[in-house]
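Welcome! Keep the structure open as you read.

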Amino acid sequence: MKQKNIFSRFMAVTTDLVITLIPLLVWDLIIFIILAGFLPATVMTFLDDTIRYIIFASFVITNPFITYVYGKTLGQTVYDIRILNTSNKKASSAQRMLREMLGGLAFLGCFYIYHGIGIPIYIMLNLIVILLDKYGRGIVDFICRTKPISIAAVAEKAEDLKKKAEDEEKEELPVLERGKSFYHYDLHAHSKYSIYGMDTVEEIFQKASALGIQVLSITDRFSVKANFEAEVLSKPYGISYIPGIEMDCEYKGYPLTILGYGIDYKDPLFVEMGNEHLRLQRKASAERIEKFKEVSGIDMNLSRLVNQTTSGIVTPEMLINEVLKNPLYEDVEFLKPYREDEENAFQHLYTDYFAPKKECYVEAPLMTLQSVLETIKATKGISILAYPKKSCGDDVELLKEILSQGVEGMEIFSAYHEEEDIRRYLKVARDCACFVSCGSDYYGDNGLMIQLGDSKAESKYEKLLAILINRCLTKSETKVSEKG
């Protein structure tokens, strides 16, 4: 793939080189005129010097001028080359023009210093740099902080990914059965970037493809990392993707979970917020372990526990699994009563010490609802209240009050809702004129028995769900076109 990219770029540069040498055609034409006797031979001396200076000027003016007028050189247009900056966004006009100008100056500099041999030396040196750099950047690209890519090569890579996905699906993927509550939209799934998530982003896409899911959103808790991978995988797997995130917050003491859809996940706000969340959760992890040590006398190695996680967060579940399954703690007196009922040991230990208001319970501070909504709005996203049953129960007035704070919709169709809940929330959605969403809250095969697509949505609500989905997909396409 890299070789194909380099070949396209070589042909584009060759085309642009021919453009800069157009003055030679003028020189040839005048030579014919002189040979035909229409001009005296003495014109040759003046002509040679003039054309030489025009060619020199052409090397540093022609292609930058074409780039200024059309946004690309002729060679880049013909061979579908796109110039990006180091952030993988379209390079600015100034960057593209400077790149062409410096390229011309490099050719001239080598010619002046080393004469005829200078150009081949520069070409070979530039080729070595391109081959050694993992992004295939040349000397001038390092100076201008740019990166040329062949769109054709990228498209071919996407086709290869698609073919690979299809082959894996045929050969390796199990036949997944759709549950009774399966629906072909799932806007609430978690990858390994969530604390309890078990699947990689590609594993989620493989399962979604096998199930026939058409629209997907991965909403990891306080993390946007999955979105970078998901947007690349969506095309080869043929699944429409909506960038997402999940954030916990509180409103008047009520814990809420807010989903953000169609967000600009590259916004630095999410990096800052994610780092703060990790800092608070890691601090809570250390406090949790210390409290458990005080009541149980078990001195666990915090560093070793942290190294077993991808996030550095030690949850109560991880801590309990550690003390019950690690042979090091097999003879600990504190654990013996729990080991007598091995089947329920985990649940009893959690209930006795880690449940809210118990001795080892530690709660990291939550963001306010308004701060979460402001973050989603600032990144051009749509805010949705996840599984309102968990936060509001049957309290319709509380739900309406939360929606009035700026929450734009509800996840009415959820694995946690019964038919009665769905009917109640649909009435609230009509009264408040808000978006309606569906999601499984899938974390992987972690014992919760929730499968991708199991949201209890039904085809009769297709048009209602399509309002949010079409809005999110339109927002995502608009952001791509703005950046492109």
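This is a predicted model: local features need pLDDT of at least 70, side-chain atom pairs count only at pLDDT 80 or more; totals for chains, interfaces and linings use all residues.

**A first look at the model**

The secondary structure of the protein comprises 20 helices and 11 strands, and the chain has 484 residues, 46% of them buried.

**The whole protein**

- Lys 252 is not a glycine, yet its phi is positive, at about 55°.
- Lys 252 counts as exposed because its relative accessibility is 61%, and the cut-off for exposed is over 50%.
- Asp 441 also has a positive phi, near 60°, and is a residue other than glycine.
- You can find Asp 441 in the loop between strand 11 (435-439) and helix 20 (462-483).
- Is Asp 441 buried or exposed? Asp 441 counts as buried, because its relative accessibility is 4%, and buried means under 20%.

**Helix 2 against helix 3**

- Helix 2 covers residues 23-35 and helix 3 covers residues 43-70. The two pack at an angle of about 165°, and their axes are 9 Å apart.
- That angle is why helix 2 is described as roughly antiparallel to helix 3, since the term applies to angles over 145 degrees.
- The crossing of helix 2 with helix 3 is right-handed.
- On the helix 2 side, the residues making the contact include Trp 27, Ile 30, Ile 31 and Ile 34. On the helix 3 side, they include Leu 47, Ile 51, Ile 54 and Ile 55.
- Sorted by class, this contact between helix 2 and helix 3 has 13 nonpolar residues, one polar residue and one charged residue.

**Helix 9 against helix 10**

- The axes of helix 9 (residues 201-211) and helix 10 come within 9 Å and cross at roughly 35°.
- Helix 9 and helix 10 meet in a right-handed crossing.
- Helix 9 brings Val 201, Glu 202, Phe 205, Gln 206 and Ser 209 to the meeting, while helix 10 brings Ala 226, Glu 229, Ala 230, Leu 233, Ser 234 and Tyr 237.
- By class, the contact of helix 9 with helix 10 has six nonpolar, three polar and two charged residues.

- Ile 239 is in the loop between helix 10 (225-237) and strand 5 (240-241).
- With a relative accessibility of 3%, Ile 239 counts as buried.
- Which residues does Ile 239 contact, leaving aside its neighbours within four places in sequence? Among them are Phe 205, Ala 208, Ile 213, Val 215 and Leu 216.
- Gln 214 is another contact of Ile 239. The two are 25 residues apart in sequence, but 5.1 Å apart in space, C-alpha to C-alpha.
- Ser 285 belongs to helix 11 (residues 268-296), and Ser 285 is buried, with a relative accessible area of 1%.
- Not counting residues up to four places away in sequence, Ser 285 touches Gly 312, Ile 313 and Val 314.

How values were computed. Residues are numbered from 1 along each chain as its sequence is written. Side-chain values use heavy atoms; hydrogens and water are left out. Helices (H or I, at least four residues) and strands (E, at least two) are DSSP runs, numbered from the N terminus. Buried means under 20% relative accessible area, exposed over 50%, partly exposed in between (1.4 Å probe, protein chains only). Axes are lines fitted to C-alpha atoms, for helices over the stretch in contact, and angles run from 0 to 180 degrees between N-to-C directions. Angles under 35 degrees count as roughly parallel, over 145 as roughly antiparallel, 65 to 115 as roughly perpendicular and the rest as oblique. A crossing is left-handed if the near helix is turned anticlockwise from the far one by less than a right angle, and right-handed if clockwise. Contact means heavy atoms within 4.5 Å. Ala, Val, Leu, Ile, Met, Phe, Trp, Tyr, Cys and Pro count as nonpolar, Asp, Glu, Lys and Arg as charged, and the others, Gly among them, as polar.
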